[in-house]
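Trainee: I am new to this structure. Could you show me how to read its features, one at a time?

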Amino acid sequence: MRILVISDIHANLTALETVLAHAGEFDAAWCLGDLVGYGPDPNQCVELVRGLPNLTCILGNHDAASIKQIDVETFNPEARLAIQWTCNVLTEGNLFFLGNLPEKMVIGDVTLAHGSPRHPVWEYLLDTRTATVNFEYFETAFCFVGHTHLPVIYHLYDEQKAAQLSIPDVNSYLNLSERMILNPGSVGQPRDRDPRAAYAIYDDEMKLWDYQRVPYDISSVQQRMIAAGLPERHIQRLAGGW
Ligand code: ZN
């Protein structure tokens, strides 16, 4: 199967549509959470994701906050403002969809989580020490995560040693080998100083990871954010990829 792996869309419809057009045909879609928060198009993004073929979708921290599963006070003031705006505009049907997302899933030899296998909704895998510990919290060969908005791979070659961090090359068709934690990067708010939308295609038979970046019309998203009265900082960061 050719599986689209997306994460951290953050209500950015233009980035999501661009990724879907760029990805071409796929048999299934795995979405690692944070469909909403920050961006101007929460309903459109949730509805587009809901319609993807053979969808598996995981709950992110912004999704959880938008359905009031977690306290918005735990977010910084600007993120909180965006979450409150999102809460107000989401339709009943989309709130219901977000409210029923699982925190973690296992499909074949892959575990799916938003943040980490240990603390699926919240933990950030930002360093090899944290990643190494997390290999004890899933049993499959691979684990796909989002949350940091950084496209990276942690590889545990030897259970006795620390995991190694690498950053994949775009369009590199990486051959996966046990055991790995992989992050496809963020569709709607990349934070690696590359503003292009990020995603991956996973071939579960060949065990191939095809990591991709694609430019999209950032200014049109910024215009909609201005019109919605969303925080200036979130508008600015899209253009710089931070
Ligand atoms: Zn996120």
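Trainee: Which residues have the most contacts inside the largest nonpolar core?

Mentor: In soluble globular proteins, nonpolar side chains tend to be buried together. A nonpolar core is a set of buried Ala, Val, Leu, Ile, Met, Phe, Trp, Tyr and Cys residues joined through side-chain atoms within 4.5 Å. Buried means under 20% relative accessible area, exposed over 50%, partly exposed in between (1.4 Å probe, protein chains only). Here the largest core has 40 residues, and Leu-4, Ile-6, Ile-9, Leu-35 and Leu-98 have the most contacts inside it.

Trainee: Which helix gives the most to this core?

Mentor: Helix 1 does, with 6 residues. Helices (H or I, at least four residues) and strands (E, at least two) are DSSP runs, numbered from the N terminus.

Trainee: What should I know about the model itself?

Mentor: This is a predicted model: local features need pLDDT of at least 70, side-chain atom pairs count only at pLDDT 80 or more, and totals for chains, interfaces and linings use all residues. Residues are numbered from 1 along each chain as its sequence is written, and side-chain values use heavy atoms, with hydrogens and water left out.

Trainee: What is Leu-4 in contact with, leaving aside its neighbours within four places in sequence?

Mentor: Contact means heavy atoms within 4.5 Å. With those neighbours left aside, the partners of Leu-4 include Val-19, Leu-20, Trp-30 and Ile-201. A second, separate core of 20 residues includes Ile-3, Leu-32, Ile-153 and Ala-200.

Trainee: Which residues coordinate the zinc ion?

Mentor: Donors are N, O and S atoms within 2.8 Å of the metal (3.2 Å for Na, K and Ca); water is not among the atoms, so sites may look incomplete. Here Asp-8 (OD), His-10 (NE2), Asp-34 (OD) and His-149 (NE2) coordinate the zinc ion, at 2.1 to 2.4 Å. Asp-8 and His-149 are 141 residues apart. Both Asp-8 and His-149 are buried.

Trainee: Which residues of helix 7 are buried?

Mentor: Ile-218, Ser-220, Val-221, Gln-222 and Met-225 are. Their cover includes helix 1 and helix 8. Just after helix 7, Gly-229 takes a positive phi of about 75°.

Trainee: Why does Thr-130 count as buried?

Mentor: Thr-130 counts as buried because its relative accessibility is 15%. Thr-130 lies in helix 6, residues 128-134. Beyond its neighbours within four places in sequence, Thr-130 is in contact with Arg-118, Glu-123, Tyr-124 and Leu-125. Thr-130 and Pro-40 are 33 Å apart in space, C-alpha to C-alpha.
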